[in-house]
Amino acid sequence: MRIDDLSVAIDHLALLESLDQPENPVSVVEEIAQRMFPVEITENQKAILKDLLIPGLPDFEWTVEYTDWLSDPDNPTIIDSITARLVSLIRGMLRMSESQLS
Amino acid sequence: MKRRDFLKRSSVLGLPLMINGMGLQAMRSSSLFNTLNTEDDRVLVLINLNGGNDGLNTLIPLDQYDNLANLRSNIIIPQSNILTLTDTLGFHPALSGFKSLFDNANMHVVQSVGYPNQNRSHFRSTDIWTSASPAEEIWDTGWLGRYSDTVHPTYPNNYPNADFPAPIAITLGPSSSETCEGVAGNFSLAMIDPYVLNPLESGGDDIAPNNIYGDELSYLRNIKEQTNVYSQVIHAAAENGTNVAEYPLSNPLAEQLRNIALLISGGLQTKIYVANLGGFDTHANQVEEGNITGGMHNFLLDLTSSAISAFQEDLKLLGIEDRVLGMTFSEFGRQIISNAAFGTDHGTAAPVFLFGSCVKAGITGENPEIPKQVDPQAGIPMQYDFRDLYGSVLMDWFGVNQNTIEQIFYPDFQYFPIADSCNSYSKNKEVDLSGFDISAYPNPFRNNIRIGFTCRNERVRISIYDTLGYKHLQIVDKTFHAGNHQFNFDGSSLPAGTYYLRIQLAGARQKTTRVIKS
C-alpha cells in the first residue's frame, strides 16, 4: 500500500496492519515515512513525528495500546483511540513539504 | 466587554448601531453578542502533563501518611522533606515554586479530579480529558473547540478578520491540541516558537540539501511560510512583546510559557494557549533507588513548578497577571500501591492545579482516605468531575452562561467557584464544607447499609463506585428539604469488596466515603 492517492480516504488500521512491525512505534514512523517520502527524513523529523504518535509517552505504551487493540479488535473506543494517534502522525507527515515531492 | 474593545468594534462596524435595522444584521450578530458575555482580554493557559501524573506524591495527604507509607514504602517522600501547605496537606519537595504561588494566594488546588468509569488507557483517557465526553461515548470535538464554536460559529470561514486577526488558540508544539477541535476545524495554530511556527512545515533545523530536490523542498517550505495567514501577526506580537523574569534553562515547559508570555505582552489577541510536558508515565524509576527525592518524578515536578512560577513572575512584572489563568491536567493519576520498579501504574483521579492572580486561592475538596489495605489496582476515588471543573473555569473566566456550559459538557453540570477577585490577598483557606457530611452504618455491611446525610434545600445525588473508578449505581438523585436524612440501601446485588459512596450537593460540597461489603 502506498499513500500516494490522497483523494482516497486512508484506512488507518489497514495501513497499520500492513506494516512489518506495527507494535513498535519507531518502526511505525519509519515504515510509513518510507512510503510517504521520496527520501529518508532526518532523525529530528522522526522524533517529532513519533511524538505525534505517542505524545509524551515511552515507546512501550504504544505496544501496550496496540496489543489491547489486537486482543479486542472490535472495541470502538480502542479503534477510535488508535486511529486518532495514526491520524495525528499522518497529518504531521502531510504538513511536511517532503510529502509533496516524489 | 471593555470600553476600548467596544470602541474598536464600533469603528469597524460603523456608527450608529441600529438595533432593529440592517446595521445589526450586517454585523455578524452572533459573534458580537456572544462575546458580549466574555472578558475580552482574558487568556486561559492549559498545561497538559502527558503520561498520568502521580497525584499522591505531588500533593501529599499528611493525615494519611502512615497508611501511604506502608502501601508505597519504596517511593513515599520522607515527611521531613514535604513542603507543608496546611496541617493535613503538603507538596513534593520539588514544588517550591508551587508552594510560593500557594502562599501568595496565586494557586487553587482541586483534589481528586476524575470522571465516572475511569479508562486506564493513555490514548483513550487523553481523548476523554480533551473531548470532555462521557467515558462511554466518542466525541470528535474538544471542550475548548466547542466553547470556541459558541463564540465563532462561522469559523474558519473569513478568519482571520479585522475583529479577530490572531489565532483563536495556540498550541505550543508540532500539532494542534485535540482540546481545540471544533465542529469545522481545529481552533488552534500549532507552533514551536513565534519564528518557527511549525518545524514540520518549515523544516526547522533541518536545512534542505543542496541539490534539485533541496531547491524544490525550499520552494515548498517558503510557500507554506508565506501562506500561513497568522505568521505576520505572530511575528509582530513577538517583536512588540518582551519577557522580564528569568526562566529556568533546559526546561521545555518554561520555553513554551516564556513564548506565551511574550505573545500576550506583545498584544496578540489569542485567548487560549495549550502547553505540554511529557514523561509522567512513571512505571519505573519514579524515584531513584536509594535517593527517594531524586528520580524522574522529582525532575518533572521541578520542571513544572519552576516553569510555572517563572511564568507567573513574568506576568506580574509585565503587569498582565490579571489577564491570565492557568490550569494543569493529566489523563489519570496513578495507583495507590507502588510497584517493585520504584514506580507506579495507571490509576484514576488526581489533583488539578490552577494558578494566576485571579484564582480563588486555596484548596477545594478533602484529602482522599487511604485505608490500611487496598486492592492492588486501586486508584483514588473521584471527588470532582473534570467536566464540572472545565465548565466552572469557562463560567468564571470567560463569562459563559450555565445553559451554554450544559450544552458544551453535560446536563448534570455542577458549578463550583474557581476564580475570585484579582489580587485578593485573603488568607488561603479550605472551602467550607461544614454542615455537610455523609455517614454509613454498619460498615462493613452485609446486605443493607443505612446512609445518612445533612443537606440544605437542594438536589442530592449519591452514587456508589468501586476502587477501579466504575460507577455501579446511582442510589439517590432528588431534591431534599434542609436537615438530616437517613435511608436504607439494599446492596445485596453488589459483589463483596470495597466501594466508595459519592455524595454531590450544590457547589463544591462533594465528597466520597469508603464502605466495605463483607
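Helix 5 of chain A gives the most to the lining of the largest pocket, contributing 8 residues. Helices (H or I, at least four residues) and strands (E, at least two) are DSSP runs numbered from the N terminus. At least two lining residues each come from helix 5 (76-95) of chain A and, in chain B, from helix 6 (122-131), strand 8 (185-186), strand 9 (188-191) and helix 9 (212-227). The volume of this largest pocket is about 1100 Å³. Its lining comprises 45 residues, of which Arg91(A), Ser176(B), Glu181(B), Gly185(B) and Asn186(B) are the closest to the centre.

The model is predicted: local features need pLDDT of at least 70, side-chain atom pairs count only at pLDDT 80 or more, and totals for chains, interfaces and linings use all residues. Residues are numbered from 1 along each chain as its sequence is written, chains are lettered from A and ligands numbered from 1 in the order in which they are written, and side-chain values use heavy atoms, with hydrogens and water left out.

On a 1 Å grid over the protein atoms alone, a pocket is an open set of points with protein on both sides within 12 Å along at least five of seven lines, a cavity is a set where a 1.4 Å probe fits but cannot get out, and lining residues have an atom within 4 Å of a point. Volumes are the space filled by probe spheres set on the points, which are joined across faces, edges and corners.

The whole structure holds 6 cavities of 30 Å³ or more.

Gln64(B) occupies the loop between strand 2 and helix 4 (65-71) of chain B. Apart from neighbours within four places in sequence, Gln64(B) contacts Pro368(B), Glu369(B) and Ile370(B), a contact being heavy atoms within 4.5 Å.

Chain A contains 5 helices and 0 strands. Of its 102 residues, 47% count as buried. Where contacts in chain A join residues at least 6 apart in sequence, 65% of them link residues at least 24 apart.

Over all chains there are 22 aromatic pairs. Rings of Phe, Tyr and Trp (its six-membered ring) pair if their centres lie within 6.5 Å; planes under 30 degrees apart count as stacked, over 60 as edge-to-face and the rest as tilted. Phe91(B) and Phe102(B) form an edge-to-face pair, at 6.5 Å centre to centre and 85 degrees between the planes. Phe91(B) lies in strand 4 (residues 89-91) and Phe102(B) in helix 5 (residues 96-103) of chain B, so the pair ties together parts 11 residues apart in sequence. Phe91(B) is buried at 0% relative accessibility, and Phe102(B) is buried at 3% relative accessible area.

Two charges sit over rings (NZ of Lys or CZ of Arg within 6 Å of the ring centre and within 35 degrees of the ring normal), as tabulated below.

| Charged residue | Ring | Distance from ring centre |
|---|---|---|
| Arg42(B) | Trp397(B) | 4.1 Å |
| Lys478(B) | Phe480(B) | 5.1 Å |

How values were computed: Buried < 20%, exposed > 50% of the residue type's maximum accessible area, 1.4 Å probe, protein only.
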